[in-house]
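Colleague: Before I rely on any of the labels attached to this structure, I would like to hear how each was reached and which cut-off stands behind it.

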Amino acid sequence: MSESVKPFINRALRSSVGRNALSLYSIQFANYLLPLITVPYLVRVLGAERFGTLAFGQGLMAYFSAIVSYGFDWSATRKISVERNKVEVVSRVVANVWGAKFLLCILSFLTLLLLIELVPRVGEVSTLMVVLFGGVFGTVLFPTWLFQGLERMGPISWINLSVRSLVVVAMLFVVRKPQDFIVYAGLSSSGTIVAGLLGAGIAFRSLGLRFIWPTWSGILESFREGWVLFLSSSAIVLYTAGNAFILGLMANDVVVGYYTAGEKIIRAGVNLLGPLSQALFPRFSRLAQESKSAALLWARKLLLVMGGSALALSALTFFGAELIVRVVLGTSYQPSVSVVRILALLPFLIAISGVLGVQLMIPFGRERAILFVVLGAGCLNVALAGFLAPIWRADGMATAVLLAEVFTTAGYYAYLWRAGLNPFQKKRVSTRANERSA
């Protein structure tokens with residue numbers, strides 16, 4: 001390693017952003033790369049049909065997870081990052097957010113029971129659905145938003161990584177035949193609950209938080225602060241995590257299995273770029289309050305770095321799709337090759353839209369604009385899926401997802417350009433008064 005590179009790396013590791021990025025990458029490893037390690041095993045042991053059944057259930061759980069998260073990953077993170085030095089205020093925010101999450105969890109479970117009774121496709125796999133819902137409860141408990149707002153991601157990153165690793169090891173011992181798809185669902189849900197309980201315990205033991213009962217007024221305030229971001233995140237699920245459920249309503253489990261296997265490869269690549277963006281969010285939130293020009297400058301730099309890296313990843317995925325599918329999934333998943341190629345541009349599009357939306361639009365208080373864009377993208381995805389999936393099956397679903405992501409990226413950029421927040425604009429505002437006016 002050259003002497004000129006070492007100081008840069010040392011400074012990055014000493015900074016809070018660098019440390020949190022590393023911690024978030026370990027969480028991302030647990031959430032995405034570990035499942036990617038399990039995919040070659042699961043697709044072979046479960047087969048395309050049962051792998052598709054599992055994905056169908058996980059797709060529905062993605063909607064419930066979006067409900068219980070309610071945008072708190074951004075609204076609560078932003079509030080805690082501003083009030084981080086006030087233990088009493090942070091404790092009150094934590095109590096009210098958890099109170100809101102538990103209420104939403106109860107509502108979600110009642111909704112699941114209703115769906116099991118009213119929707120035959122869901123009722124056919126009712127046991128799977130109930131078992132998978134344990135993961136939603138674990139999502140309620142796990143306080144990523146708290147540690148991220150305080151920029152102290154280390155403790156829970158190790159918890160998440162350790163627990164998920166144990167789940168993978170257990171899977172290799174107990175999941176041996178197609179009928180074991182429910183066993184795997186139970187392992188996954190149990191791991192999420194254990195990680196949530198440990199994370200909640202550490203939140204009080206290591207951060208010095210006070211135990212405060214949530215209040216109805218505080219819960220309602222939390223809902224008001226996060227409702228726009230909740231609608232936005234829910235709409236995003238329509239063209240991301242919920243695709244297997246949408247496809248499963250129109251096609252059989254084998255088709256869902258082919259689509260999901262290909263999408264998992266792409267999503268693993270997409271999320272290699274996510275932790276840096278998440279770690280930078282608290283800093284961009286502060287920059288937006290202090291200096292518009294500084295926020296735009298750093299956004300431009302981040303776009304160049306993440307955009308370039310993601311474009312290279314997209315190209316590698318497109319041209320290497322057949323080899324990747326053969327190695328990761330096996331020769332029996334040949335239909336997944338076209339899915340991977342269609343979705344190969346997603347890393348680039350999501351990297352760009354992530355910077356524009358998360359680092360600029362949210363810190364500058366443009367959540368309503370995000371809502372309109374992602375609602376449009378979600379509706380477009382569902383409409384296109386309804387038209388294309390019955391014809392092209394898995395490829396049709398993939399095409400709908402790609403077009404929805406193009407819509408999102410273009411919509412974000414068009415809004416920022418019109419709002420005077422284009423990070424690539426030539427003329428920049430320099431006076432503090434004008435900077436604050438944005």
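What follows is a conversation about those labels and the values behind them.

Modeller: This is a predicted model, in which local features need pLDDT of at least 70 and side-chain atom pairs count only at pLDDT 80 or more, while totals for chains, interfaces and linings use all residues. Residues are numbered from 1 along each chain as its sequence is written, and side-chain values use heavy atoms, with hydrogens and water left out.

Colleague: Why is Arg267 called buried?

Modeller: Buried means under 20% relative accessible area, exposed means over 50%, and partly exposed lies in between, with a 1.4 Å probe and protein chains only. Arg267 has a relative accessible area of 14%, and is therefore buried. Arg267 touches Tyr239, Thr240, Asn243, Leu346, Ile350 and Val401, leaving aside residues up to four places away in sequence, where a contact means heavy atoms within 4.5 Å.

Colleague: How do you know what span to expect of H12, the helix of residues 253-270 that holds Arg267?

Modeller: Helices are DSSP runs of H or I with at least four residues, strands are runs of E with at least two, and both are numbered from the N terminus. The expected span of a helix is 1.5 Å times one less than its number of residues; H12 has 18 residues and reaches 25 Å from its first C-alpha to its last, close to the expected 26 Å. H12 is also mostly covered, since 15 of its 18 residues are buried.

Colleague: Why does Val183 count as partly exposed?

Modeller: Val183, which is placed in helix H9 (residues 181-207), has 36% relative accessibility, so Val183 counts as partly exposed.

Colleague: What makes up the nonpolar patch on the surface?

Modeller: Val183 forms the patch together with Val169, Leu172, Phe173 and Val174, with about 430 Å² of accessible area together. Helix H8 (residues 154-174) gives the most to this patch, with 4 residues. Accessible areas come from the Shrake-Rupley method with a 1.4 Å probe, and for residues only the protein chains shown count as cover.

Colleague: Why is Thr77 called buried?

Modeller: Thr77, found in helix H3 (residues 72-82), has a relative accessible area of 0%, and is therefore buried.

Conventions: Patch = residues over 30% accessible without salt bridge, like charges linked within 9 Å, V, L, I, M, F, W, Y side chains within 5 Å. Salt bridge = Lys/Arg side-chain N within 4 Å of Asp/Glu carboxyl O.
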